[in-house]
Amino acid sequence: MYMKWSRYFLPTSKEPPKDAEIISHKLMCRAGMIDKLSSGVYTYLPLGYKVLRKVEGIVREEMNRTGAVELLMPSLQPASLWKESKRLDEMGEEMIRFTDRHRRLMLFGPTHEEVITDIVRRYINSWKQLPITLYQIQTKFRDEMRPRFGIVRAREFLMKDAYSFDRDEKGLEVSYGKMKDAYKRIFARCGLDFSIQQADSGVIGGKFSEEFVAKGECPELEVGHIFKLGTKYSETMKAFFVDADGKEKPAVMGCYGIGVSRIVAAIIEGNYDKKGIIWPLSVAPFLVLVIPVNPEDTTIINTAEKIHSDLESNGIEVLLDDRDISAGMKFSDGDLIGIPLWVVIGKKFIEKGKVEMKIRKEDRFFEIEPENITQWISEYIKREGK
RNA sequence: CGGGGCGUGGCUCAGCCUGGUUUAGAGCGCCUGGUUCGGGACCAGGAGGUCGGUGGUUCAAAUCCACUCGCCCCGACCA
């Protein structure tokens with residue numbers, strides 16, 4: 001749809017809020033992407049939500065490509081399930097709990113091994129149904145002792161969690177390998193520079209885990225963590241299947257998490273300059289920013305609107321900065337929110353019928369005829385790879 | 001959870017130590033009019049806070065004391 005800045009909701013600011021420490025947090029606040037409601041609890045404003053959805057889309061595509069199947073589990077869970085897995089006390093205060101009106105202890109899921117194992121034990125009975133990997137993209141709740149760095153360590157955040165079930169260890173190796181490959185593709189597509197490290201499995205348990213750590217100044221990061229769980233949950237929760245030899249065996253599990261909201265921060269940590277964010281094409285909230293320098297000049301504004309609708313009809317997401325403010329402010333805001341390509345319509349259009357393109361990441365302008373814009377952009381996308 | 005810090009218009013902050021000319025200020029933002037319009041313009045006018053909350057000390061509290069709530073930082077912890 002036609003998107004004009006004046007009709008959008010994009011509150012940028014010159015100053016970062018006092019409590020922002022790391023660059024991604026500062027920029028997300030200044031670029032009008034997020035708003036803090038409470039410690040570790042954030043609203044994704046339209047621009048931030050758009051980026052979040054882009055990342056989510058990449059994660060979903062790559063999960064589906066491996067043959068994993070998406071479902072959606074509830075955030076609300078009965079504590080009884082966690083008693084069964086013996087993790088109720090282990091997770092402790094980090095789990096947000098409450099007693100419902102029937103005096104039943106409930107909790108907001110910090111992770112979903114229990115729920116998925118419960119589903120699988122009731123529906124998967126035969127080796128013929130294996131292997132299977134199920135995943136969801138969902139809001140998780142963790143009452144962090146100390147929320148930090150904006151959305152990097154939040155108490156409510158978006159996570160993709162996948163769970164694989166195999167007949168045996170060999171199968172787990174295959175499922176695990178597929179996920180690991182998918183993770184590499186996901187982070188690469190998001191423009192993240194990352195490393196893989198062996199890690200402590202913590203409360204999740206299992207015998208082996210690796211974490212994906214995004215490079216940057218931020219001391220956190222970890223953006224993904226994959227585990228070979230083995231039969232920890234399937235045995236304690238009795239998720240058995242009948243194998244080809246007629247014997248009952250526990251499913252061999254793996255689980256695979258990605259902090260979707262954390263990826264957004266990690267992308268910024270690795271893609272910014274003094275002026276603001278520089279979105280990789282793959283996750284940019286808009287691909288093109290159209291700037292009519294003087295919106296009172298009808299020739300300029302008409303041209304801007306025409307370019308805008310031409311691009312839109314070619315399936316390119318465009319934001320038109322139709323605000324009645326100085327050009328300098330538009331440029332500053334444009335740099336801040338990091339839209340990859342700009343089309344600037346100003347005096348050069350009046351003088352010689354040319355507009356200017358700016359490539360954000362190169363911080364470079366060049367002239368172009370208005371009728372060539374769409375083609376140039378299509379080629380640029382192809383060249384840069386989206 | 002231990003240690004430290006901070007809460008004053010939408011945002012960033014000054015004032016607090018040495019209570020009383022402060023009808024509580026500034027910058028940014030916002031509104032109106034005008035001049036501007038290629039890198040966060042300028043002039044003039046204007047709106048907006050009772051100083052996180054409660055209680056106390058005092059003739060008098062944004063300023064002192066106590067409690068409380070919220071937020072941030074360091075540490076420990078962290079799929």
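Author: A residue counts as buried when its relative accessible area is under 20%, as exposed when it is over 50%, and as partly exposed in between, with a 1.4 Å probe and protein chains only. This is a predicted model, in which local features need pLDDT of at least 70 and side-chain atom pairs count only at pLDDT 80 or more, while totals for chains, interfaces and linings use all residues. Residues are numbered from 1 along each chain as its sequence is written, chains are lettered from A and ligands numbered from 1 in the order in which they are written, and side-chain values use heavy atoms, with hydrogens and water left out.

Reader: Why is D321 called buried?

Author: The relative accessibility of D321 is 0%, and because the cut-off is under 20%, D321 counts as buried. D321 sits in the loop between strand 18 (318–320) and helix 10, where helices (H or I, at least four residues) and strands (E, at least two) are DSSP runs numbered from the N terminus.

Reader: Which residues does D321 contact, leaving aside its neighbours within four places in sequence?

Author: With contact taken as heavy atoms within 4.5 Å, these residues are W5, L289, V290, P292 and K330. K330 belongs to helix 10 (residues 327–337), where K330, D333, G334, D335, L336 and I337 are buried. Just after helix 10, G338 has a positive phi of about 70°.

Reader: What makes strand 8 largely enclosed by the rest of the structure?

Author: Ten of the eleven residues of strand 8 are buried, and therefore strand 8 is described as largely enclosed by the rest of the structure. Strand 7 (residues 132–141) is described in that way too, because eight of its ten residues are buried.

Reader: How do you know which strands pair with strand 8?

Author: Two strands pair if DSSP finds at least two bridges between them. Strand 7 and strand 8 are antiparallel with ten bridges, and T139 stands opposite L158 in strand 8, while A162 in strand 8 is the bridge partner of Y135. Strand 8 and strand 14 (residues 252–259) are antiparallel with eight bridges, with M159 opposite G259 in strand 14. Strand 3 (residues 69–70) runs parallel to strand 7 and is joined to it by two bridges, and E70 is opposite Y135 in strand 7.

Reader: What makes a residue count as near RNA strand B, and how many residues surround RNA strand B?

Author: A residue is near if one of its heavy atoms lies within 4 Å of the strand, and 42 residues surround RNA strand B, the closest being R142, R146, F157, F227 and E356. Of the atoms of RNA strand B that come within 4 Å of the protein, sugar and phosphate account for 45%.

Reader: Which polar contacts with RNA strand B can be named?

Author: A polar contact is a pair of N or O atoms within 3.5 Å; within protein, one must be able to donate a hydrogen and the other to accept it, and residues adjacent in sequence count only if both atoms are side-chain atoms. A polar side-chain atom of S326 is 3.1 Å from a phosphate oxygen of RNA strand B. A backbone N or O atom of G346 is 3.3 Å from a base oxygen of RNA strand B, and a polar backbone atom of K347 is 3.3 Å from a base oxygen of RNA strand B.

Reader: Which element gives the largest share of the surface near RNA strand B?

Author: Helix 10 does, with seven residues.
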